[in-house]
Amino acid sequence: MIPRLKPSLGLSEVFAALRISFSNDIVEFENAFAKKFNAQYAIAFPYGRTALKFLIDCLEVKGAEIVTPAYTCVVVQHAVKFSGNQPVFLDSSSDSFNMNLKNCTSPLINSKTKALIATSIFGYPIDLRDLDEVKNKFGSQIIIIQDCAHSFSATFDGTEVQTQGVAAIYGLNISKLMTSIFGGMITTNDSSLANRLRAQRGQEISKPSLLKSLSRFLYLIVVFPTFYEPIYGFINWLERKGILNRFVKYYDEGKIDMPSDYLTGMTPLEARVGLANLKKFDSILRRRRINAEYYFSNLAGIDGIALPPRVEGATYSHFVLLVKDRTWWLKKCLESNIQLGKLIEYSIPEMTSYGAAARAQFPNSGYYSDHTINLPIHSGLDVAVRTVALIKKLAPLAPK
Ligand SMILES: *Cc1c(COP(=O)(O)O)cnc(C)c1O
C-alpha cells in the first residue's frame, strides 16, 4: 500500500543513531540547521510546540491575545494556551489555505493583541506583502512569529519566510519535511533572544534519560520499515482498528494538553538523526516539487476536483485537493491500495475546547476542514503516476 506520508529515513539515519559520539550532537545539529535556513542561531527543543511555548515566554508575552490561523495544526493553540495567552483566530482566504492577513483589523486586533503566528500552511508561503502591511500598521505592538513547520525555506517573491519575523519555529516529527524522530527548533537572528531561550531551556527542560534515547531508537527502528509498501497495508489495518491510536493520534477534540514529555530535552540520538536527515533536505524538497508539478499538469480540468494553488516557492509539505465527498475518495483509493490523507480535518475555532464557533464565522477554514484530501508526494515520481491514474479512473464515478 502507498502510505499517505513517508519520512525520508534511510540507513544513514539508522547509522547516525547508532554512532558513538564524543561531541555535542545537539549543538552540531543546531549549527547546521541555522546555516541551512539562513539564521544566526538555532535552538533545539523536544517538540515544535515546546519551542513555541518557550519562544512566547521569552518574548515576555503573557495574558495577551495572540493571532493564529483558524486552519492550522491545533498543537499551536495548545502551546499558546500553555504560555498563558489566548489564541484568537483568522480565517483562511477563499483562494489560499493560509490565514488571510488582510483581515488583521479591529476588533480582532485590539490593545490586548501582542503577537501573530504567521503560518505557511502546507508549505504555501505566507503573503509577505500582507505581512508588511500588518507590520506597518501595528509596528512593535505585534510581534511576528513564523510557524515554518510546513515551510522550511519556502519563499515568497524570493524571500525565505522564516526570516520575516522575530523568530521561526519548526516541527521535526516524522510527518514533517525533515525529521529528527521527534523534536522542534527555533531560528532567530536576535542574539539576546537566543540567549534567553537557551537560559530558559537550561532551567526548565530536563536532561533526557538514557531510557528516552532508547525509546526513540526503538521508535526509529519500528518506523524505518513501516512505510515500505508491502508492510504498510498491515500497519494501515492496525490503524483502522484503532490499535495504533496511542501513536498516531496527536490531539483529542475536547482537550488542551501537551505530551507528557514536552519538557524533557531532545536526545543526542535525535540530533544525530536530524543532522543526517538535514543533509537530504535539498533532495527531499526537489522530489516534492517534481511530484507537485506532475499533479498540477495531470490533474487539471477534472470535473469535481479542485487543484490547490500553484505557487512558486512553496515546499508542498502536503499536496491538497478539494473534493465534494472526502470519505468516498479515501475509501475508494484505499481499496486500490493508495492511502490518502485528510489533513487538516478540523477548523480550530469550531472545536469545543476553543469556543465551538459557528461555521459561518470561519467559513473558508470550515470548508477546507471538510473537503481536503492529501495525495502522496513523498516518494519517486512512480507513486504520483500511479495516484494520477487511479484518480482519473475514479473521477467519473465520484459524487459531485
Ligand atoms: C507539526 C506542527 C507544529 C509543531 O509540531 P510538534 O508536533 O509540536 O513538533 C506546529 N505548527 C504546525 C502547522 C505543524 O504542522
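Which helices each supply at least two residues of the shell around the ligand? The points below take this up, then move on to the core and the strands.

1. **The model.** This is a predicted model. Every value in this note is to be read with that in mind.

2. **Helices at the ligand.** Helix 3 (48–58) and helix 4 (75–82) answer the opening question: each gives the shell around the ligand at least two residues.

3. **The shell.** The ligand is surrounded by 14 residues. Gly48, Arg49, Asp147, His150 and Lys176 are the closest. Sorted by class, the shell holds 5 nonpolar, 6 polar and 3 charged residues.

4. Arg49 places a polar side-chain atom 2.7 Å from an oxygen atom of the ligand. For Lys176, a polar side-chain atom also lies 2.7 Å from a ligand oxygen atom. His150 has a side-chain N or O atom 2.8 Å from an oxygen atom of the ligand. On its own, the ligand has 380 Å² of accessible area, and the protein covers 96% of that.

5. **The largest nonpolar core.** In general, nonpolar side chains tend to be buried together in soluble globular proteins. Here the largest nonpolar core has 50 residues. Phe97, Phe319 and Trp329 are the members that touch the most others. Several elements each supply at least two residues of this core: helix 11 (281–298), strand 11, helix 12 (326–335), strand 12 and helix 14 (381–394). Helix 14 gives the largest share, 6 residues.

6. **Strands 11 and 12.** Both strands contribute to that core. They also pair with each other. Strand 11 (residues 319–323) runs antiparallel to strand 12, with 4 bridges between them.

7. Strand 12 covers residues 372–375. Thr372 and Asn374 point one way, while Ile373 and Leu375 point the other way. Are these residues buried or exposed? All four are buried.

8. **Tyr367.** This residue sits in helix 13 (residues 363–371).

Methods
Residues numbered from 1 in each chain as written. Predicted model: local features only at pLDDT ≥ 70, side-chain atom pairs only at ≥ 80, totals over all residues. Heavy atoms only, no water. Buried < 20%, exposed > 50% of the residue type's maximum accessible area, 1.4 Å probe, protein only. Pairing = 2+ DSSP bridges. Near = heavy atom within 4 Å. Polar contact = N/O pair within 3.5 Å; in protein donor to acceptor, adjacent residues only side chain to side chain. Areas by Shrake-Rupley, 256 points an atom, 1.4 Å probe, with all protein chains shown as cover. Nonpolar A, V, L, I, M, F, W, Y, C, P; charged D, E, K, R; others polar. Core = buried A, V, L, I, M, F, W, Y, C linked by side-chain atoms within 4.5 Å.
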